[in-house]
Amino acid sequence: MKVSFPYMGTTVIYKKLLELLGHEVIEPPEPTQRTIDLGVKYSPEFACFPLKVVLGSYIEALEIGAETLVTSGGHGPCRAGFYGETHKKILENMGYDVDIIVFDGYKRDIMGTIKKVLRVKNGKPWRTVWKAIKTVYAMAKALDGIEKRIGQMRAYEIHRGDCTKAWQKIKKSFDDVKTIEDVERIEKESHILLDEIALRDVPDSDRLRIGIVGEIYVVMEQSINLRIEETLGSLGAEVERSQYISEWIDFNLKPGASAKEHELYILKKGEKYIQEIIGGHAKQTVGHIVDYAERGFDGVVHLMPFACLPELVSQSIIPTISKDYNIPVITLPIDEQTGAANVLTRLEAFMDLIRNNKKTKTA
Amino acid sequence: MYNFLMFLRGFNNLKIGIPRALLYYYYYPLWKTFFETLGCEVIISGKTTIDLLDKGIKASVSDICVPIKILNGHVLELLESDVDYIFLPRMMSIRKGEFFCPKFMGLPDMVRHSLPGAKDKILFPNISSLSDDISDDKLYYDMGQRLGVTDKNIKESLKEGRKVWNEFRRFSKEDYTALEAMDYVLEGKLPEKQVEDINITIGLMGYVYDVYDDLVSMGIVDRLRKMGVKVITFEMMDEVMLDRELDSMKKRLFWTFSNKLLAAGYKFLKDESIDGIIHVTAFGCGPDSLIGKLMEIDSEKLGKPFMTIRVDEHTGENHLQTRIEAFVDMIYRKKSKYIKEA
């Protein structure tokens with residue numbers, strides 16, 4: 001069984017999990033213009049952008065031999081929860097004979113979930129499964145830690161591109177992980193690698209910090225959000241994302257209350273503006289903006305797929321938050337029509353504004 | 001402040017505004033009777049006009065769907081008139097495990113924080129119930145406290161509301177549109193019989209706030225009827241029967257009204273007495289983007305004519321007329337050819 005998965009963020013993590021369970025893994029190629037074109041061609045015109053990109057990436061994975069796709073479902077009420085079903089229908093209609101295993105919330109269909117787990121488990125003993133999960137979780141934590149550090153460093157690198165290069169190298173070296181000890185070793189090595197990058201010295205008062213909030217796919221997947229972190233870094237801003245995969249695991253999958261603390265804290269912050277969880281990450285978006293403002297960030301970039309249902313609600317509320325907390329926020333809707341030059345110009349203007357803001361504030 | 005106002009006016013004159021948008025077309029008989037039995041005066045905003053829509057567009061983010069822009073327009077109109085409160089419930093769920101579109105669930109938040117002057121005027125009880133009947137008194141107690149009425153009052157008024165709403169639904173199912181049914185239960189006006197000869201039956205898929213807002217659908221029901229078409233919509237069908245239609249689906253959609261639409265769509269596909277299906281959808285409707293695709297694929301399989309009409313603030317009337325005329329003509333020809341051959 002040749003297995004593949006949707007492309008999002010640091011894919012080496014999902015790849016590793018399936019590999020450790022003994023599957024033959026077909027890694028989907030990083031989304032390119034072709035991926036987007038394919039997705040757009042076969043998706044409903046008004047579907048949200050992630051659905052199109054993921055469909056495109058499925059098609060590309062199927063082209064290079066994948067037979068089964070493993071993905072996560074959802075419980076709504078945002079459209080993302082229905083991706084699995086829609087993709088299946090479209091792919092079948094296109095004539096692909098493909099098996100999509102969708103992991104929904106287990107409460108919806110307990111027997112079904114057990115069956116799916118057994119299929120993905122691939123006949124391995126539970127001990128191996130447990131070890132695989134532990135290793136991959138450690139890996140996700142390690143990679144996210146490194147990525148966070150890179151987000152801060154990139155603004156001050158002397159040779160443009162050093163950090164991004166190092167990041168590529170680090171992701172590759174994590175590919176060799178077999179056990180949890182490997183993770184620790186490679187994590188250490190990676191930090192040493194990062195220590196070697198030459199950085200400019202910038203006084204604390206001149207540091208610009210930008211938070212990135214929004215829908216999880218466009219925030220995490222750099223190939224479709226115009227490499228926003230690199231772009232902001234090259235414009236001289238430290239970057240922190242609101243979404244990291246390990247945090248998602250903590251909140252959605254890991255049992256126990258302590259793991260959920262951070263997310264609940266953020267949700268609490270958003271309460272004032274959006275009272276209920278309305279699907280997607282709208283409430284988190286609002287909560288994160290408040291959190292960034294309180295932590296003294298200089299600005300926030302809000303990313304959303306075009307016509308994303310929950311993010312439209314947060315977008316409507318953002319001007320009020322921006323005023324209440326005196327923090328500049330720029331909203332960038334992303335879809336297949338988004339032009340790089342347009343976004344870059346807007347971001348440059350946004351950065352100028354923030355820089356001036358800061359100067360007048362400190363002067 | 002408002003309590004003081006109430007004191008000055010006497011409770012009887014408390015004015016409650018209800019925007020003529022979104023679920024107004026499904027729940028107005030309930031809400032109107034409820035508030036009037038409570039002793040409030042109910043004020044509804046006028047019909048959707050271009051002017052009102054323009055105001056709504058200016059107050060909304062640009063990418064949001066037309067129905068929400070229209071709602072914003074209606075709320076602005078109510079804010080300008082001197083209502084004391086605007087009733088805008090937070091619709092969470094009317095079926096176990098299902099929800100409303102995220103925009104409905106966040107609607108009060110959106111309106112309170114984006115329309116100037118709306119913050120303290122919105123009444124937004126959280127509606128989550130197990131069936132279409134949302135007249136459970138517990139849902140409205142909090143709001144009652146804000147209005148200064150007792151739980152007992154709420155309970156009795158809801159009982160009245162429920163009666164009228166049930167009557168409205170019953171009448172609806174006798175092949176009358178929601179507007180006709182509303183006129184009947186609230187004003188006792190019996191709808192006129194369709195005079196033209198009926199040759200064709202078309203299943204119309206569309207949310208109540210798209211189909212019955214004349215600015216959005218441009219009176220598509222009347223247009224079709226004038227062409228001698230019998231129109232069936234989802235709210236003319238029995239809820240339980242609709243619900244069963246979706247049993248074959250492995251995973252249902254998350255949105256109750258979208259499920260109703262899809263179920264009606266599937267029913268239309270199977271029902272031999274339905275000659276064609278028209279799907280009316282507003283630009284930027286998220287759930288519809290998925291339903292549309294599912295219907296497109298399935299209608300092709302079963303060989304039933306299916307057309308999507310997507311409307312937004314720029315849609316022209318002639319365009320709509322031409323398309324439905326062509327669609328009806330096509331069905332008509334197909335049908336007469338079939339009869340000749342037989």
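What share of the 363 residues of chain A count as buried? The share is 47%. This is a predicted model.

**Chain A overall**
- Chain A contains 15 helices and eight strands.
- Its radius of gyration is 21 Å, close to the 21 Å that the globule rule gives for 363 residues, so chain A is as compact as a globular protein of that length.
- Along the principal axes, the C-alpha atoms of chain A fill a box of roughly 65 × 45 × 40 Å.
- Take the contacts in chain A between residues at least 6 apart in sequence: 73% of them join residues at least 24 apart.

**Helix α14 of chain A**
- Helix α14 covers residues 309-325, which is 17 residues.
- At 1.5 Å a residue, α14 should span 24 Å, and its end C-alpha atoms are 25 Å apart, which agrees.
- The helix bends by about 40° at A:I317. A proline, A:P319, follows within four residues.
- Buried residues of α14(A) include A:L309, A:L312, A:I317 and A:I321.
- Just after α14(A), A:N326 has a positive phi of about 55°.

**Contact between chains A and B**
- Chain B gives 30 residues to the contact, and chain A gives 33.
- On the side of chain B that touches chain A, β4 (90-93), α5 (102-105), α6 (107-114) and α15 (286-302) each supply at least two residues.
- The largest share of that side, seven residues, comes from α15(B).
- By type, the residues on that side of chain B are 15 nonpolar, eight polar and seven charged.

Definitions and conventions
Residues numbered from 1 in each chain as written. Chains lettered and ligands numbered in written order. Predicted model: local features only at pLDDT ≥ 70, side-chain atom pairs only at ≥ 80, totals over all residues. Expected span 1.5 Å × (residues − 1). Bend = angle between axes of the 7 residues up to and from the residue. Buried ≥ 20, exposed ≤ 12 C-beta atoms within 10 Å, placed from the backbone. Contact = placed C-beta atoms within 7 Å. Nonpolar A, V, L, I, M, F, W, Y, C, P; charged D, E, K, R; others polar. Rg over C-alpha atoms; globule rule 2.2 N^0.38 Å.
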